[in-house]
Amino acid sequence: MSTLITNIGELVTNAPRPAGFAALSDAALVIDDGRVAWTGRAAEAPAADERVDAAGRAVLPGFVDSHAHLVFAGERGAEFAARMAGVPYSAGGIRGTVAATRAAGDAELGGNLRALAAEMLAQGITTFECKSGYGLTVTDEARSLALAAQVTPEVTYLGAHVVPPEFESDPAGYVDLVCGPMLDACAPHARWVDVFCERGAFDADQARAILTAGRAAGLQPRVHANQLGPGPGVQVAVEAGAASADHCTYLSDSDVDALAASGTVATLLPGVEFSTRQPYPEARRLLEAGVSVAIATDCNPGSCFTTSMPFCIALAVRDMRMTTREAVWAATAGGAGALRRDDVGYLGTGARADLVLLNAPSHAYLAYRPGVPLIAAVWRGGRLVAGSAA
Ligand code: NIG
Ligand code: FE
């Protein structure tokens with residue numbers, strides 16, 4: 001069955017090449033067999049089996065969230081409250097979530113995960129990545145990934161999140177486990193391998209070893225880089241040919257140059273800086289250097305517990321000085337680039353029909369009306385999966 005969505009005030013299509021924001025006004029779009037079959041002026045639209053009137057509202061590609069940690073149990077509301085009262089964020093808080101995750105049954109973990117995935121979908125995220133990293137034993141990492149694989153194809157093995165307490169005196173032994181038996185158990189469930197390359201987590205040599213082992217097992221690299229301070233993460237990511245270097249909060253000139261000369265996307269996670277009171281990444285410096293920039297939520301119980309891409313877009317515009325167009329592109333096509341996906345993040349003929357109808361006339365309202373639920377309806381693969389077009 002085909003569906004015509006017409007009377008679209010602003011249709012954000014995004015241009016694949018050269019990459020950039022693109023939009024049509026007074027537009028229409030036809031969905032057929034789960035794909036975009038036609039886009040253009042509403043007056044020229046072909047007929048379809050079903051007709052949806054957008055009543056002058058905006059339609060965007062579904063958001064692509066290329067960085068999220070959704071498999072966990074427990075919560076850290078008290079840690080957040082203490083942080084807002086002056087206690088700095090550190091990687092150590094991850095261990096509390098690890099203890100709760102290990103103690104949880106599969107039903108609890110899967111239930112939490114599905115609830116967060118549903119929250120994302122209702123807010124327009126139609127593709128998301130999901131990491132392990134709160135199990136940190138062979139069994140708990142493998143089950144985290146198996147659960148993640150039930151809700152998304154973009155599954156990331158993050159056994160190298162932190163060194164768990166039982167390996168505190170033997171970090172090298174933990175790296176061997178991550179590169180050996182844990183990887184063997186996890187690789188069948190995952191597409192990506194990630195490492196938290198940071199003081200207090202894994203250093204450059206350990207990160208390289210983990211990415212190399214992951215690649216040998218068929219996984220593609222991505223890296224948590226330069227989140228808490230300057231460090232080698234971005235260089236490690238670029239050397240490894242990673243799809244993405246994530247966070248990029250503290251960058252040197254050579255980090256920016258390396259990203260600009262590479263195919264590695266800089267994925268910025270402004271919800272983290274909001275929730276940890278750190279300085280925001282310098283998005284303008286990256287954009288002006290020609291780096292490809294994505295925005296993602298980093299939804300996790302510690303550094304940023306949001307599933308709202310509109311909130312992240314608003315932060316990117318207000319606090320990282322991205323234009324509304326740059327921010328929306330980064331949250332759609334940018335995220336697709338960070339996941340090396342060419343079927344999502346844009347609305348051209350042949351794209352997967354993942355789209356969001358806003359209760360607003362233009363994409364700018366996502367930042368102009370922060371905190372307001374503007375997502376009226378969400379289609380994924382051509383099917384209406386949240387809200388209503390009425
Ligand atoms: O992306 N940086 C490492 N991992 C997460 C935080 C995880 C946590 O605090 O539980 C992040 O910010
Ligand atoms: Fe993260």
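This is a predicted model: local features need pLDDT of at least 70, side-chain atom pairs count only at pLDDT 80 or more; totals for chains, interfaces and linings use all residues.
Residues are numbered from 1 along each chain as its sequence is written, and chains are lettered from A and ligands numbered from 1 in the order in which they are written.

**Exercise 1.** State which domains the protein chain holds and describe the side of domain 1 that touches domain 2.

*Solution.* Begin with the bounds, which come from an automatic or database domain assignment. Domain 1 covers 3-62 + 346-387, and domain 2 covers 64-338. Their C-alpha centres lie 29 Å apart. Next, count the contact (C-beta atoms, placed from the backbone, within 7 Å): 22 residues come from domain 1 and 20 residues from domain 2. Then assign elements, taken as DSSP runs numbered from the N terminus (helices H or I, at least four residues; strands E, at least two). On the domain 1 side, two or more residues each come from β5 (58-61), α14 (365-368), β15 (375-380) and β16 (383-387). Of these, β15 gives the most, with three residues. Finally, sort this side by class: 16 nonpolar, four polar and two charged. Here Ala, Val, Leu, Ile, Met, Phe, Trp, Tyr, Cys and Pro count as nonpolar, Asp, Glu, Lys and Arg as charged, and the others, Gly among them, as polar.

**Exercise 2.** Determine how β2 pairs with β1 and with β3.

*Solution.* Pairing requires at least two DSSP bridges between the strands. First, β1 (residues 2-12) and β2 (residues 23-32) are antiparallel over eight bridges; L11 has L24 in β2 as its bridge partner. Second, β2 and β3 (residues 35-41) are antiparallel over six bridges, and A28 is bridged to G40 in β3. Third, β2 and β3 form a hairpin with two residues between them, and D33 in the turn has a positive phi of about 55°.

**Exercise 3.** Identify the contacts that A316 makes beyond its neighbours within four places in sequence.

*Solution.* With those neighbours set aside, A316 is in contact with L268, P270, A283, I295, M322, A327 and A330.

**Exercise 4.** Characterise the residues that surround ligand 1.

*Solution.* A residue is near a molecule if its C-beta atom, placed from the backbone, lies within 6 Å of it. The shell holds 13 residues, the closest being I94, F196, N300, G302 and S303. By class, the shell divides into four nonpolar, eight polar and one charged.

Definitions and conventions
Two residues are in contact if their C-beta atoms, placed from the backbone, lie within 7 Å.
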